[in-house]
Amino acid sequence: MIRTQRLAAGVCALLAALTAGLAFPAPAAADETDAQASPKVELVLDVSGSMRARDIDGGTRMAAAKQAFNEVLDATPQEVQLGIRTLGANYHGNDRKTGCKDTAQLYPVSTLDRTEAKTQVATLVPTGWTPIGPALLKAADDLDGGDGTRRIVLISDGEDTCQPLDPCEVAREIAAKGIGLTIDTLGLVPDAKTRAQLSCIAEATGGTYTSVQHKEELSDRVGQLVDRAADPVVTPVAAQGASQCSQAPALTSGLYTDREEFGQERWYKVDVKPGHELRASVSVADDRAVAPDYGVLLRAVTLRGREIVRGEAAGTGRTDVISTGLRYPKADSDDENAPAETVCLQVTNSFSAAAGVKTTPGLPLELTVDVVGGPDQAGDVASFGLGRGWWLLGALVLTGFVAGLLWGWVSRWRVAVWRTN
């Protein structure tokens, strides 16, 4: 009896192991050739005297910044090289010339030692001037070199006090170098002038501006920007759509930006080979006041004007971006030399400007195009939503069936022995 029970248990364990092997295959070895350059981020913090103001959740602006930095340092992805630079942290005097040189690297851009970085942040005391322009120049030098993502996150509560070195012009100079460095800005309880200056800095490099009134907003936003640096980046390419398909620019897989007037349509062309699939999506942003009801339409059309497929979306004014997409699989061909099909993509919007709002330049448009190979064989296609999961389902059914037979046989044998005894 004991031998039989052990045999049954062993068979069940073997079947369970085989099932686990099918369900959770051994991970493939990492390909070292896929390694990419580490993303780099430098946090640039305003430590000028105005950071003593107590208007963020009952505490000082400096206290809110320190708390945000500590939370962000704890959550920074391991692959991100992070540094911290200050402005206005060291000079206590009134000499403007000296105060406008007051920027220093508190923690070098490198693999993060969280304890050391937090220790350095804890020592900061609101002190002096607000040399934003010089700090941005130095921060760009800190991030110089390498092919990975590079991002500056500037946190300030006031305007630059070191004119005529305009920080907006500094940002434009950095963008003109073509080094792919993005500057994101955050304004702590900003006034109108501070908001305008920080917005200009961000726009010059394709970054974002955020107005912050609470500690949680600051922590969340800085954390998002640091995490974004770790994401793969695709540099958008400027494309100018045409008014009709015959004159449209030919696009390949990639990310494209354009501007579209109110109620205008833009045309683009994409070649799709047999056995491939076109995947396209478009986003149109209402970067100014618009009427509350609007929509965007994306159509795939043949050269003769026949609609193949469309995607559309409508909005009511609650979001500042509206997006839609489509997919078009091109059937495979037995002819190896079969030509690609030219598909026309039409983007149309139904935005209307509010009274007194300028209609030029057009609305920002972002178009994503991806042409991928279709499935090569039936085994690559999902079956009733399970795809390759049929292997697992079959293994589980077989395991359950065999285990049921064994358990029934063991139970009957034990009942027979009990009756005999």
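Predicted model: local features only at pLDDT ≥ 70, side-chain atom pairs only at ≥ 80, totals over all residues.
Residues are numbered from 1 along each chain as its sequence is written, and side-chain values use heavy atoms, with hydrogens and water left out.

**Exercise 1.** Find how many disulfides the model holds and how the cysteines pair.

*Solution.* Start with the rule: a disulfide is a pair of cysteine sulfur atoms within 2.5 Å. By this rule there are three disulfides. Next, number the bonded cysteines of the protein chain in sequence order; the pairing reads 1-2, 3-4, 5-6.

**Exercise 2.** Describe the link between Cys 100 and Cys 162.

*Solution.* First, the distance: S to S is 2.0 Å. Then the torsion about the S-S bond is about -100°, so this disulfide is left-handed. Now place the ends, using helices (H or I, at least four residues) and strands (E, at least two) as DSSP runs numbered from the N terminus. Cys 100 sits in the loop between helix H3 (96–99) and strand S3 (103–111), and Cys 162 in the loop between strand S4 (150–156) and helix H6 (167–176), so the pair ties together parts that are 62 residues apart in sequence.

**Exercise 3.** Are Cys 168 and Cys 200 buried or partly exposed?

*Solution.* Take the cut-offs first: buried means under 20% relative accessible area, exposed over 50%, and partly exposed in between (1.4 Å probe, protein chains only). Cys 168 has 3% and is buried, whereas Cys 200, at 21%, counts as partly exposed. A disulfide joins these two cysteines, with S to S 1.6 Å. Cys 168 lies in helix H6 and Cys 200 in helix H7 (residues 192–204), so parts 32 residues apart in sequence are tied together.

**Exercise 4.** Work out the handedness of the link between Cys 245 and Cys 344, and say whether its ends are buried or exposed.

*Solution.* With -70° about the S-S bond, this link is left-handed. Cys 245 and Cys 344 are both buried.

**Exercise 5.** Compare the span of helix H8 with the expected span, then find what covers its buried residues.

*Solution.* The expected span is 1.5 Å times one less than the number of residues. H8 (residues 215–230) has 16 residues and reaches 24 Å from first C-alpha to last, close to the expected 22 Å. Its buried residues include Leu 218, Val 222 and Leu 225. With contact meaning heavy atoms within 4.5 Å, the cover of the buried residues includes strand S1 (40–46) and helix H2 (61–75).
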